[in-house]
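Me: Could you go through this one with me? I have a few questions about single residues and about the packing.

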Amino acid sequence: MSTKAEARQRQILAAAASCFARKGFHQTTMDDICREVQLSPGSVYRYYRSKEAIIAAFVEDDSRDLSELLQHVSQQPDLWQGLDWLIDQLLAAISSPLYAELSAEIGAETMHNPAIAALVRQSDQANLQALIEVFRLAQQRGQLSATLDLASTANLIIALIDGLTWRKGLYPDDDLSSYATSIKSMIKQLLSA
């Protein structure tokens with residue numbers, strides 16, 4: 001895909017995120033998105049045939065971004081430094097404008113739309129497996145106990161991050177970076193159990 005097409009997709013997604021955050025997924029129409037991005041319906045439909053396709057693009061982008069972060073952590077020789085860096089990156093992402101609102105809209109849509117739910121679950125499972133692999137590599141390097149239940153631990157950490165995303169949606173003025181030290185400490189304690 002050309003750089004121009006990618007830039008156009010980014011424009012449309014940014015406009016859709018603004019609309020979803022302002023009006024909600026179901027109250028937003030494709031016409032609203034077209035007006036927000038200042039493009040004709042034909043231009044928007046060339047990239048995204050529906051709001052569901054836009055949500056799918058958000059989920060895929062988020063999954064790809066997290067996969068890249070986890071790949072970076074897996075390449076670090078020191079698990080703890082890698083996880084500290086990861087937490088900083090995740091808190092920055094969650095704190096970015098619209099992220100929590102958009103996550104809440106996608107989460108709500110998973111309750112009523114089986115196709116979106118399947119996509120989100122697929123993404124979640126891929127991210128879970130990538131985090132488990134980070135921990136498996138750390139076990140091989142002797143940085144984690146060989147008896148640690150990797151799946152349960154990874155699930156708990158993902159739930160913690162999901163919870164922070166929800167809290168940011170409830171309290172948008174909260175500075176999540178103020179929790180960084182506590183979160184890092186909690187994760188280290190969990191992994192050291």
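**Residues and packing**

Reply: Arg141 counts as partly exposed, because its relative accessibility is 37%, where buried means under 20% relative accessible area, exposed over 50% and partly exposed in between, with a 1.4 Å probe and protein chains only. The model is a predicted one, in which local features need pLDDT of at least 70 and side-chain atom pairs count only at pLDDT 80 or more, while totals for chains, interfaces and linings use all residues. Residues are numbered from 1 along each chain as its sequence is written, and side-chain values use heavy atoms, with hydrogens and water left out.

Me: Where is Arg141 found, and what does Arg141 touch?

Reply: Arg141 sits in the loop between helix 7 (114–140) and helix 8 (150–170), helices being DSSP runs of H or I with at least four residues and strands runs of E with at least two, numbered from the N terminus. Not counting residues up to four places away in sequence, Arg141 touches Ser74, Gln76, Pro77 and Leu79, contact meaning heavy atoms within 4.5 Å. Arg141 and Asp78 are 63 residues apart in sequence, and their C-alpha atoms are 9.2 Å apart in space.

Me: Stepping back, how many helices and strands does the protein have?

Reply: The secondary structure comes to 9 helices and 0 strands, and the pattern along the sequence reads α-α-α-α-α-α-α-α-α. The C-alpha trace spans about 55 × 35 × 30 Å along its principal axes, and 40% of the 193 residues count as buried. Among the contacts with a separation of 6 or more, 65% are accounted for by residues 24 or more positions apart.

Me: How do helix 7 and helix 8 cross?

Reply: Their axes come within 9 Å and cross at roughly 125°, the axes being lines fitted to C-alpha atoms, for helices over the stretch in contact, with angles that run from 0 to 180 degrees between N-to-C directions. That makes helix 7 oblique to helix 8, since angles under 35 degrees count as roughly parallel, over 145 as roughly antiparallel, 65 to 115 as roughly perpendicular and the rest as oblique. The crossing of helix 7 and helix 8 is right-handed; a crossing is left-handed if the near helix is turned anticlockwise from the far one by less than a right angle, and right-handed if clockwise.

Me: And which residues in helix 7 and helix 8 meet?

Reply: On the helix 7 side they include Asp124, Asn127, Leu131 and Phe135, and on the helix 8 side they include Leu150, Ala154, Ile157 and Ile158. By class, the contact of helix 7 with helix 8 has 9 nonpolar, 4 polar and 2 charged residues, with Ala, Val, Leu, Ile, Met, Phe, Trp, Tyr, Cys and Pro counted as nonpolar, Asp, Glu, Lys and Arg as charged, and the others, Gly among them, as polar.

Me: Is Asn127 buried or exposed?

Reply: Asn127, which is in helix 7, is buried, because its relative accessible area is 9%. Leaving aside neighbours within four places in sequence, Asn127 is in contact with Ser63, Leu66, Ser67, Leu70 and Ile158.

Me: What about helix 6 and helix 8, at what angle do they pack?

Reply: Helix 6 (residues 99–110) and helix 8 pack at an angle of about 110°, with their axes 8 Å apart, and are therefore roughly perpendicular to each other. Their crossing is left-handed, and the contact is made by Tyr99, Ala100, Ser103 and Ala104 of helix 6 and by Thr165, Trp166, Lys168 and Gly169 of helix 8. Thr165 is buried, given its relative accessible area of 10%, and touches Ile94, Tyr99, Ala100 and Ser103 when residues up to four places away in sequence are not counted.

Me: Which residues have the most contacts inside the largest nonpolar core?

Reply: They are Leu83, Phe135 and Leu191, in a core of 29 residues, where a nonpolar core is a set of buried Ala, Val, Leu, Ile, Met, Phe, Trp, Tyr and Cys residues joined through side-chain atoms within 4.5 Å. Helix 4 (51–74), helix 5 (79–95), helix 7, helix 8 and helix 9 (180–192) each supply at least two residues of this core, and the largest share, 7 residues, comes from helix 5. A second, separate core of 25 residues includes Ala16, Met30, Val37 and Val44.
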